[in-house]
Amino acid sequence: MMDECVALLGIVVEESDSVEQLNQLLHEFSQYILGRMGIPCQDRGLNLISVAVAAPADTVSTLSGRLGQIPGVTSKVIYAKK
């Protein structure tokens with residue numbers, strides 16, 4: 001079994017039509033999600049989401065990569081050093 005890492009995904013959503021697909025993907029990975037916070041920026045036409053996860057590194061990479069394939073969604077990962 002691979003070691004779990006703790007990471008924070010920063011997600012920027014610029015297309016509201018992509019929210020349903022984004023939520024479905026996060027639901028697929030829900031067993032790894034520690035917490036989630038969303039900030040709507042209606043005046044700028046975007047949403048900011050941070051998702052804390054504890055999962056094997058390849059799972060975190062897979063999630064981030066799949067998020068980046070959704071139109072209008074950008075995702076970056078910050079890994080904890082421990």
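Why does His27 count as exposed?

**View 1. His27 in helix α1 of the predicted model.** His27 lies within helix α1, which covers residues 19-28. Its relative accessibility is 53%, and exposed means over 50%, so His27 counts as exposed. Between the C-alpha atoms of His27 and Ala80 the distance is 23 Å, with a separation of 53 residues in sequence.

**View 2. The open sheet of four strands.** The strands are arranged in the order β2-β3-β1-β4, with antiparallel pairing. At the edges stand β2 (33-41) and β4 (73-79), each of which pairs on one side only. From one strand to the next, the twist averages 15°. Helix α2, formed by residues 57-68, packs on the sheet and touches β1, β3 and β4. The direction of helix α2 makes about 160° with that of β4.

**View 3. The pairing of strands β1 and β3.** Strand β1 (residues 4-13) runs antiparallel to strand β3 (residues 46-56), and 10 bridges join the two. Leu9 has Val51 of β3 as its bridge partner. Beyond residues up to four places away in sequence, Val51 touches Ala7, Leu8, Leu9, Ile11, Leu26, Ile33, Gly35 and Arg36.

**View 4. The largest nonpolar core.** This core comprises 18 residues. Leu9, Ile11, Leu22, Val51, Leu63 and Leu67 are the residues with the most contacts inside it. At least two core residues are supplied by each of β1, α1, β3 and α2. Strand β1 provides the largest share, five residues.

Key: Residues are numbered from 1 along each chain as its sequence is written. This is a predicted model: local features need pLDDT of at least 70, side-chain atom pairs count only at pLDDT 80 or more; totals for chains, interfaces and linings use all residues. Side-chain values use heavy atoms; hydrogens and water are left out. Buried means under 20% relative accessible area, exposed over 50%, partly exposed in between (1.4 Å probe, protein chains only). Two strands pair if DSSP finds at least two bridges between them. Axes are lines fitted to C-alpha atoms, for helices over the stretch in contact, and angles run from 0 to 180 degrees between N-to-C directions. Contact means heavy atoms within 4.5 Å. A nonpolar core is a set of buried Ala, Val, Leu, Ile, Met, Phe, Trp, Tyr and Cys residues joined through side-chain atoms within 4.5 Å.
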